[in-house]
Amino acid sequence: MAITDAPKIVTSRLGHPDSHTLERYLATGGYEGLRKALTMTPEAVAAEVDAASLLGRGGAGFPAGRKWAMLRKDPVTYLVVNGDESEPATFKDHLLVERDPHQLVEGVVIAAYALQVSQVFIFIRGEFALGLERVQGALNDAYAHGAVGADIFGSGFSVDVVVHPGAGAYICGEETALLESLEGKRGFPRIKPPFFPAAIGLYGQPTVVNNVETMSNLPWIVRNGGAAFAALGEGRSTGTRLFALAGHVNKPGVYELEMAKTTFRDLIYAPVLGGGVRHGRELKAFIPGGVSAPWFGPDQVDLPLGQDEVGAAGSMLGSGSVVVMDDHTCPVRASWRITKFFSRESCGQCTPCREGSGWLERIMERIETGSGREEDLDLLLDACDNIAPGLTWPPQQTTICVLGPSIPSSIGSAIKMFRDEFLVHVKDGGCPYA
Amino acid sequence: MTGARPSHFSPELAERARELVALYPEPRSALIPLCHLAQEQDGYLTAEAMEEVAALVGVTPAEVLGTASFYDMLHTEPVGRYVVAICTNIACMLGGALELLEHAEAHLQVGVGGTTADGLFTLEEAECLADCDRTPCVQVNHRFVGAQTPESFERLVAELRAGGRVEEIPPHGTLVRVRRTIGLAADPAAVAAERAAEAEARAAREAASGDGGGR
């Protein structure tokens, strides 16, 4: 395994301080993918995305081409772009909307053309005030440039793109909750089936929802062909992907890497990437794909950054965020904070999630702060079992969306890997790291 | 519904509110953007603002409150001129955020959720703000101010008290600098006609598919 010299597909402009401007975008091949797409049939554009085998970059990793294919049978009404990035320690879409908004806009218009959609909404997390400004600014310039709006580049194809702000709710990253929010309601995930908004989406109409990073790959795919994208990576994990590295490393940041070719060890330790564990300490554990993912220990650090490889090892690549914890980290405190997050962000519709997350948070808090009992460990696992029966991976579903069954991941991992540290908290009446 | 009641919004905001409503096939979609506008004007959602938003999108004020209260960024109580959000989620926690939050509480002499006596600062404990390579991550009025230490946090507070950083940190409202300049040139009547035709086609499609398409 190694760091490959794969091309930078979505981060090629980020070295330029003016990477968000139309001038820089046009000087670096901007909107050429769209011009090329408009000379092709919509079906041919969709076929390139199919050929690229681009897996959605939002977290679930569903193939974008297949999502689109569900729609091509129906007249699509809406394309909605999910820029509500809120998965803890995931900060790649934040980078893309602020630093290369034209790339996003170009990808969106290409997708709209392939799907023959005339109305797009880009849902951007409300806390990204600058991101909202940058994407609206890019759209204003792109409209003036003829790349969005009526009769794009004289092709006869027209699409309107609206930037929509969120208002602070993790759950709106779940696509049906996002649609509810876009309809002006509370972000309550919708009951499944239907499993995809392709059947019933925005305003009850067929809708495709794609992630910001997924859209940002499209200009390159159209310019270079789906086969060139599929030639990168390995197996189902094609192309490059953004990995957001956070926690106890010397150089946290967003790194674009060829999928499945690079390992977690490369990402964490390579001098050009994470640069190793901070303060010369040892790696204790890492979370491989967002806080919904079960944790890994140092013995799993040689796994490749591939969707299927991480899945087979009992976790997930998820949102592409990797959190590193050094040997001075309290695993109880870390999983308590993650549990508190889920408790705060549960939308409250389903009992196992709403009540379970609160129970778990309070038990974790009392262990961390020194009032825990030995039997609390079994109580934690029992409550987790009520949210995700059997504590399998992937978890069993007891709730409308996957937020609830994601809650046990961190607690289950922490107890499995560091049971003795929980017991020390109980015996000593407090946190040994405090 | 708007009646003869004078608008709670300033003329400029009222114009922007009308533009926002026009962007969506269904007016209710503008509910959250309009709440952001209201906070731009008043800092939080006043009862009058919620009535105004309700009238603009065709729902009851209770539905505006019921929706707004779901979202962390929408405040139904007054907040300080600066809302200071310190993230303590996993990446920031590993970077010392809980210690920073404790320091901020002591320095500002307020607890989480509280507002300083001078009305300048409201302190929030935030969930992940997606700036995880600069920890602990802090936002002021939803502008990223970079990783903060207890010392740099005190300097930041002092600067804000002294009226500094005006360019970098504008007042409330995440849309305060978001303006759609192009694409609204279409004749409103033509847009309305097109929307009506779309709705008709949609209804015809639903009737043809036989399942009503409802949820």
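Domain bounds here come from an automatic or database domain assignment, and the model itself is predicted.

Q: How far apart in space are A104(B) and T181(B), C-alpha to C-alpha?
A: By the bounds, domain 1 of chain B takes in 178–204 and domain 2 covers 82–161. A104(B) and T181(B) are 77 residues apart in sequence, and C-alpha to C-alpha their distance in space is 40 Å.

Q: Is A104(B) buried or exposed?
A: A104(B) sits in helix α6 (residues 97–108) of chain B. Leaving out residues up to four places away in sequence, A104(B) touches I86(B), Q109(B), L123(B) and F153(B). The cut-off for buried is under 20% relative accessible area. A104(B) has 0% relative accessibility, so it counts as buried.

Q: Which strands stand at the edges of the open sheet in chain B?
A: The sheet has four strands in the order β2-β1-β3-β4 (chain B), and the pairing is mixed. Each edge strand has a single partner strand, so one side of it is left without a neighbour in the sheet; the strands in question are β2 (121–126) and β4 (143–147) of chain B.

Q: What is the bridge partner of V83(B) in β2(B)?
A: Look at strand β1 (residues 82–87) of chain B, which runs parallel to β2(B) and is joined to it by six bridges. For V83(B), the partner in β2(B) is T122(B).

Q: Are α5(A) and α6(A) roughly parallel or roughly perpendicular?
A: Helix α5 (residues 92–99) and helix α6 (residues 101–115) of chain A pack with their axes 5 Å apart, at an angle of about 95°. Angles from 65 to 115 degrees fall in one class, and that makes α5(A) and α6(A) roughly perpendicular.

Q: How many nonpolar residues does the contact of α5(A) with α6(A) have?
A: On the α5(A) side, the contact is made by L96(A), V97(A), E98(A) and R99(A), and on the α6(A) side by P101(A), Q103(A) and L104(A). Sorted by class, there are two charged residues and one polar, and the nonpolar count is four.

Q: How many residues does domain 1 of chain A give to the contact with domain 2 of chain A?
A: Chain A is assigned domain 1 (22–230), domain 2 (233–326) and domain 3 (331–428). The C-alpha centres of domain 1 and domain 2 of chain A lie 26 Å apart. Domain 2 of chain A puts 21 residues into the contact, and domain 1 of chain A gives 21 residues.

Technical notes:
Residues numbered from 1 in each chain as written. Chains lettered and ligands numbered in written order. Predicted model: local features only at pLDDT ≥ 70, side-chain atom pairs only at ≥ 80, totals over all residues. Heavy atoms only, no water. Axes fitted to C-alpha atoms, helices over the stretch in contact; angles between N-to-C directions. Helix = DSSP H or I, 4+ residues; strand = E, 2+ residues; numbered from the N terminus. Parallel < 35°, antiparallel > 145°, perpendicular 65-115°, else oblique. Contact = heavy atoms within 4.5 Å. Nonpolar A, V, L, I, M, F, W, Y, C, P; charged D, E, K, R; others polar. Buried < 20%, exposed > 50% of the residue type's maximum accessible area, 1.4 Å probe, protein only. Pairing = 2+ DSSP bridges.
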